[in-house]
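I opened this notebook page to record what I looked up in the structure. The entries follow in the order in which I made them.

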Amino acid sequence: TKWLKQAIIAHRSALEVKTRDREPLEWAITNMNLGNALSCLGERETGIKRLKEAVSAYRAALKEMTRERVPLDWASIQMNLGSALSAIGEHSGDTSWLMQAVVAYEAGLEELTKGRVPLFWANACGNLAVTELVLADRTSDPALARDALAKLTEAEQVLRDGGHTAWADTFARTIPE
């Protein structure tokens, strides 16, 4: 926790020098790293303040790290954004955050395709599916739950095919009987 807090201070200090006008991509990368530190810290805390700050940092980074400019980086930030939004939804019980997480994950999956980066796709698809399972439970939506389980099963198979059995076993434990 101590190191994460120091990283947050360092990234915020860097943003005073690396401005969007002077160094747009460096500014975006710094915002992304700030978001990562805030998200990690937010996961350790009981409140959602840091997670909301992470969401703001990721959204700032997306202003310069666009899909057109850096598609895979853009997709990675969408995944990080989805994770932070999902964590807020899980902590707060507010399904609107979970729905926003689904949108972010789906956006990222437009670039992180199974054919292009299968292992990243499987991980991202699994994160989306877990969020959809939580959302399905909170909204009593069996169709969404079935879709999420199908995604988890497909992601598990891609991981197994790639030799990543530990990850595949983790996904398999997520899938209810």
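Is Cys40 buried, partly exposed or exposed? I worked from a predicted model, in which local features need pLDDT of at least 70, side-chain atom pairs count only at pLDDT 80 or more, and totals for chains, interfaces and linings use all residues. Residues are numbered from 1 along each chain as its sequence is written, and side-chain values use heavy atoms, with hydrogens and water left out.

Entry on cysteines. I found Cys40 partly exposed, because its relative accessibility is 41%; buried means under 20% relative accessible area, exposed over 50%, and partly exposed in between (1.4 Å probe, protein chains only). Cys125, at 5%, is buried. I then looked for disulfides, defined as pairs of cysteine sulfur atoms within 2.5 Å, and the count was zero.

Entry on Lys151. I located Lys151 in helix α7 (helices are DSSP runs of H or I, at least four residues, numbered from the N terminus). Lys151 has a relative accessible area of 16% and therefore counts as buried. I noted contacts (heavy atoms within 4.5 Å) from Lys151 to Cys125, Leu128, Ala129 and Glu132, leaving aside residues up to four places away in sequence. The Lys151 side chain also makes a polar contact with the side chain of Asp147, at 3.0 Å; such a contact is a pair of N or O atoms within 3.5 Å, and within protein one must be able to donate a hydrogen and the other to accept it, while residues adjacent in sequence count only if both atoms are side-chain atoms.

Entry on Leu85. Leaving aside residues up to four places away in sequence, I listed Val55, Arg59, Trp97, Leu98, Gln100, Ala101 and Ala104 as touching Leu85.

Methods. Helices (H or I, at least four residues) and strands (E, at least two) are DSSP runs, numbered from the N terminus.
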